Structures are given as C-alpha cells and as structure tokens.
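Please keep the sequence and the model in view while reading.

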Amino acid sequence: MNFDFSEEQQMLKDSVARFVQDEYDFEARNKVVANESGYSQENWQKFAELGWLSIPFAEALGGFGGGATDTMVVMEELGKGLVAEPFAASVLMFGGLLQASAQNDERDALIGGVIDGSIQGAVAYAEAQSRFELQDVLCRAEADGEGYRLNGEKSLVLNAMSADKIIVSARVSGEQNDEQGIALFLVDAKVEGISKTALRTMDAQLVANLKLDNVAATALCGAGEGLGLLKQMRQQVIVALSAEALGIMEKLNATTLEYCKTRKQFGVAIGSFQALQHRMVDTFMAYEQCKSLLYRTVCSIEQGEDNNDIEKNVLALKVMVGKAGKLIGGEAIQLHGGMGMTDELDVGHYVRRLLTINAAFGDADYQQQRFAEVSLAS
Amino acid sequence: MDINFSEAELAFRDEVRAFLKEAWSGELAEKAKQPGSYKEVQVGWERKLNEKGWAAPLWPVEYGGAGWTPTQSYIYESERAAVGAPDVSPFGLKMVGPVIYSFGNDEQKQRFLPRILNADDWWCQGYSEPGAGSDLASLKCKAERDGDHYVINGAKIWTTYAQHADWMFCLVRTDSDCKPQQGISFILIDMNSPGITVRPIVTIDSEHHLNEVIFDEVRVPVENLIGEENKGWTYAKSLLAHERTAIAGVADSKRHLSELKKLAAAEVNGGRAMIDDPAFRQRISDIEIELMALEYTELRVLASMSKGNGPGVESSLLKLKGTEIQQSIQELKLDLAGHFGAVVQDGITAEELGHGYGDAARRGFMFSRAATIYGGSDEVQKNITAKFVLGL
C-alpha cells in the first residue's frame, strides 16, 4: 500500500507546476482571460507540445494512455494556477465522449486534432429547465437521410465559442425526463441554423447558450446509449474538477496563512489570535479530508472496483469538495478582511472558481441525496 | 498509488480472522453483554491476546511485541472492530508500558512488563488535577524525598477506573523552583498503599467510570521512579508519539455506523422507516462521507510511517475528526431512539419497555461527550496543530 506517484506522474505534475510558476502568475492569467476567446491559443499549443492534451487518450489513438491519477495530478496543478485554458471542456469532456463512442475514421481524426491542439470541442448537455438532471432533455433529433436534424436549445455550454465541433445531447424518442431515447450528436460549430449567445460565468469562463434550428448532425451513438455515456463522462469529470478544486483550496489556505502571519493589527500578527488560528486549523483539516477522499476515489478507479463502489466514492467526493470549497473560500475572504473583498486580489477569483465547480455536474446538496441512495441501499 | 495488500498481508488478515473467530466467541462475547462485566471481560480478552502474542503488538519484540508493521496493525484493528471485539484497556498496554520500556531500568522492565502484557495488574493514569486540566504542567501533587521513599500529597482527578486499579502511573511535582515543565517526575504508585482515598465521580451517563484520587502522606519507594527525577514531562510527552493512528477510531465508527443504518431501517415514524426520512439521510450521509475520508487520512498516515517517515501533518486531524465522528454517530443514535432515548431502563427488559436500544443510546451519547475533552481537548488539539503544523 502506498500513495506515491510514479516517476512519470511526478514529472507530469512538475511540468504543469513549472508552467504555472514561470508563465501563469495572476497578472498573466488576467491578460489571458481578457482575450476574446477567454484563453490563450499560444498556451494551448504549448500544452499540446508538452503532451498534456494527449493524457486521457489511448496509445492506439496517439494518446498518452493515462489513468485517473495522471489526470488528477495535472488538474490539481492547473487549479493552483487558476488556469483558464479549456482543458476540462475540450480534452476531458469532448475528447472523453469521443473516445467512449463507437470507433470510426472521423472520430479518430478528431481525437488526433484534440491531441495536437488543432481541434477545440464542447459538450452541450444542459438545458434551461434541466438543472442537474442529465436525462431532462427537450432538444429533439429527427432522422434526415443518413444524418439527423436537431431542434431545441442548450444552456451554458463551456468552450462553445471557440469550439470547432460540439457534441449535443438530444432526444430521438420519449418524453422530457425519459431515460431512454437520448443520443449524442456531433455538429459543426459553424453549421447553418446554429446561433450562439456568449456570456461569461463568474470564474471568467466564456460560455454560450445555443439555439439549434434544424441543424445537421451525425449520431455518435444509438438512442439507448446517450445517457450512459453522459453519466460516465460526468463521473470522470467530477473527479478531475475535484482535483482542480483541491489545488485551489491548497493555494487559498497557503495564501491566507501567509497573510495572517504578516498582517499586523493591535501591534501583533493577526495569526497570533486564537480565534483565527482555530479557523485556519478547520480549513487545513477540510483540505486534508478532501485530499484523502480524492485519493480514495482515484484508487478505486485505478483498481477497477465495482462501478457502484466507484460511484459512491465519486458522489462523496463531490459533496465534500463542494462544502469544503465554500468553507475554505469563505474563510479566505474573511481572514483577508477588506482586502479579501477586492477584485485586485487573487483570492476572490479562486473562490469564484470553487463556487462554479460546486455547481458543475450537480452541487453538494443534490449529490448528497444521490450518495444517500447509493449508500443506504447497500 | 496502490491500495492493495501484499500476499503476506492478506495471509496475515486470514490469520487475524481465524484468531478472532476462535477467541471472540462463546463465553467471553456473551459476558460482554452483561452490565458490570467490563473488567472481567477486558482481563479475559487481554489474556487471550497475550497467549497469541498480540497483547501489545507494537512494542519492541524484545519486550513482548509482535513486530507488526503499521499496515498489519491497521488490518488487525479493522478486523477486530468488524466483529465487535473490544480494544485493549489503554493504560497499561498503550501508555505506561511504552514509558517503562523506553525510560525504565532493567529491574522495572522485568517487574512490570510481563504483568502488563498478561493483564495481571490493572493500571490507571494520574495526570489531571482539580487545578490542572488542559494546563497540565501546572500540576501541584507533590512528591518529597524522605530517605528511600517519596512522600506524596495532593489529588488527581478524572481517573478512569481507579476503583479497579492495582497501580497508577502518576505525574508529581518534585521541584517548584523552576519552569513548571521542569519540576515534574513520573512515578509508579501501588494503589494499595496506605493514605490513598478513591472517591467515585458519577458521570452524566449515570455510570461510575471516573474518580478523584487523594494522596495523604503516601509513601512510595524511590525504586518506583521512572528515569530521572524532574524529567517526567519529557517521558509523558513521548507517549503522544505512540499509537497515533488508532486514536481516530475509524474501524469502530464504521461498525457503529453500519449498526445505525440497520436500526434506522427498523425504526418507523408515521409508516415511513427513518432511513427514508430526508433529514436523517442528510445527517447520516454527512457522517459517512467524513468517515470515508478519515479512513484514507489514516491510510495516508500509515503509508508514510510504513516507509519509515514520520506520521505526516495529516495525522494531527485524526483525533479531532475521529472524535467528531464518534459523537455525531452517538447523537444520531440518541435522536433515532426518539422518546426512548430518554429512558433509564434499570432492570426492565426490552420486551417490557417496548424498545431495544434507547437506554444504550442515551448512555453512549452522554459518555461520548468525553471524547473531545480527554487526551487533549479539541481546543488544545487545535492550538497544537496551529503551532506545529501551520507555524502560527
């Protein structure tokens, strides 16, 4: 039993950490997110050259053949730097769904494009009414010759404005919340009939609402398979986002601790006050517990445990990361006092990313109910 | 990252299972269900462990330890808790034993260690005093040299099971003209010595676990002093380094949580099982998630120790989180019992009462409040973590 990283994993971790330290300080990051696209194309190409974009893909597809641990170490370091490049949206979500869908030449070519940085992708799964339910789909698909035509709307699609291709969940049959009848479709992001309304979320990501008016699409899977693929993607992305959140929490705790050691009031460092010390012990413990649960989850995936056991770990992780993120974020602002309220300090930016991660793919309250179902049934 | 056990560890787990199946069965396990059986069951159990060579597995082999790795210790603890067998009484095997083999002389080792291993002596701990709780170093119980004896005057308090004890390991003041920590000595006191009065303290669970122990001109031979005079604080502190992981109580909490789920499936309110009550589900899942994390925090500590490194910063939260979870489980069990949680059963059978666990839930909840007070209160634990982990 050990929780050590392999030499390869440690090198990967170090290479992301080095990039963040040398090229992605808070000032540089702010310039990047101010771009029209919300990220830097130059950085993206660098990620491709460093091999990061190939991590989750099988070696047969030109990938690195990495596992959950490899993704974890990358996401954790990206989190520390609050990196805005769409790694989760394009590589893990879009790329992940492509990899899980049926093999064909177009799919393989697209994965190759993701790996070399030439293709950006997005996944449109949420709708205005769907909240956290993946099967709540109104968007409809109708057969049209060899392909399909999509009609409907999709909400808050990550990376939609830069994407070359978008994967859309749409209903081939059934009613709004039926688990059957949902398939995944590949559409060209600039195809006729697609209109996008761009907006920013509080963590500075560029997202878009989509209107699909008779949009031409090809099916990535059968109508019985769409929901299963989305759930599988959700499981993987929750673990990755939790690793990102862990990196953010580490950074926030370190920043706050440093501030409390240097900021003086009443003639002494405020970190000498017991009321503040105990709060920092609470946030330290919250971070360590999240780390333990992340390791537990990643180990269960790597060991190929039963999917019910993996899902239980993933749900527990999402709940704990959501709650700990709010605790650590809230305390970081509070202990920084007035400075914590300012936009010029990085603290608030990290906190906003944590809040966005909590809401992504089901917040702590929602996932705790699902956790109880899994745990109390066993 | 690899959480698999090795072949040897799996074989060890089988050995533990076979031992527990044999040793924790029949008479002893039955007796444990009877009130007032605590000491008899503990002594019987510890002797079975000693026969197997497992009474103090983490002691050095030369003193009777089993040479277990941290992982073996974890495996034993998990299996023990899973069958509901008790932990050993800590005072002899986990507390004074390590101090004696680390700092005692050969005569003391030969005299006390075998008797500790075989539960021939029952030990209690004389640390806290009426005026020295969290601020332990301010203790005043005095030992004055008189020929070949120390003469002890003063009082100790919160002394668990002093009423059963043959011996007390005790911190006493041997010098008052220096920094408080520097004038303390570690001494072993025969509880049958003249001048000792043990006064029971009934706790909020209506039980007698605790005592006040008063010393009036109690004469203790100088040969009972451990190590050097005035070095007792150092010896007492070294205790903290022993068996740090088991303090989280993860294995026992897992068992209690699983029992709680079964009780909640049987407890019905308005035609709905309590396990389907949304508020109950929220609370039990809060606890389970923290416990799932703590289990891996403990494994991280074990993995670090197995490599010969220190226990790591994460070890500092084991007691804080472990006791928080223990108390939350007891609280939920008390609430689950509804108005039967208020019952003092006192000889009435469960059939007559119409409910099975209310009395136990009340006692468990009340007793569990002590967990965040003893062994360094939550607040002291946080002070220590702030200072030594966060550098504040």
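B:Ala119 is buried, because 23 other C-beta atoms lie within 10 Å and a residue counts as buried at 20 or more. The model in which this residue is found is a predicted one. B:Ala119 belongs to the loop between helix H6 (106–117) and strand S1 (123–126) of chain B. Its phi is near 55°, a positive value in a residue other than glycine.

A:Arg131, although not a glycine, has a positive phi of about 50°. A:Arg131 is located in the loop between S1 and strand S2 (140–144) of chain A. Is A:Arg131 buried or exposed? A:Arg131 is exposed, because it has 12 other C-beta atoms within 10 Å and a residue with 12 or fewer counts as exposed.

## Strands of chain A and chain B

Strand S4 (residues 165–171) of chain A is mostly covered, as seven of its seven residues are buried. In a regular strand the side chains alternate between the two faces of the sheet. In S4(A), A:Lys165, A:Ile167, A:Ser169 and A:Arg171 point one way, while A:Ile166, A:Val168 and A:Ala170 point the other way. The residues of both groups are buried.

S4(A) has two pairings to consider. With strand S1 (residues 121–124) of chain A, S4(A) pairs in the parallel sense. In this pairing, A:Ala122 stands opposite A:Ile166 of S4(A). With strand S5 (residues 182–188) of chain A, S4(A) pairs in the antiparallel sense. Here A:Arg171 is opposite A:Ile182 of S5(A).

In chain B, strand S4 (residues 167–173) and S5(B) run antiparallel. B:Cys170 stands opposite B:Ile187 in S5(B). Strand S5 (residues 184–190) of chain B is largely enclosed by the rest of the structure, because six of its seven residues are buried.

| Strands | Sense | Bridges |
|---|---|---|
| S1(A) and S4(A) | parallel | four bridges |
| S4(A) and S5(A) | antiparallel | seven bridges |
| S4(B) and S5(B) | antiparallel | seven bridges |

## A pair of packed helices

Two packed helices are described by the angle between their axes and the distance between the axes. Helix H7 (residues 226–262) and helix H8 (residues 274–302), both of chain A, pack at an angle of about 160°, and their axes are 10 Å apart. Angles over 145 degrees count as roughly antiparallel, and H7(A) and H8(A) are therefore roughly antiparallel to each other. The crossing of these two helices, H7(A) and H8(A), is left-handed.

Residues of both helices make the contact: those of H7(A) include A:Val239, A:Leu246 and A:Cys260, and those of H8(A) include A:Leu276, A:Phe284 and A:Val298. By class, the contact of H7(A) with H8(A) consists of 13 nonpolar, five polar and two charged residues.

## Where the chains meet

How many residues of chain B are in contact with chain A? There are 32 residues of chain B in contact with 31 residues of chain A. On the side of chain B that touches chain A, the elements that give two or more residues are helix H9 (278–306), helix H10 (318–336) and helix H13 (378–388) of chain B. H9(B) gives the most to this side, with 14 residues. The side of chain B that touches chain A is made up of 17 nonpolar, six polar and nine charged residues.

Key: Residues numbered from 1 in each chain as written. Chains lettered and ligands numbered in written order. Predicted model: local features only at pLDDT ≥ 70, side-chain atom pairs only at ≥ 80, totals over all residues. Axes fitted to C-alpha atoms, helices over the stretch in contact; angles between N-to-C directions. Parallel < 35°, antiparallel > 145°, perpendicular 65-115°, else oblique. Left-handed = near helix turned anticlockwise from the far one by under 90°. Contact = placed C-beta atoms within 7 Å. Nonpolar A, V, L, I, M, F, W, Y, C, P; charged D, E, K, R; others polar. Pairing = 2+ DSSP bridges.
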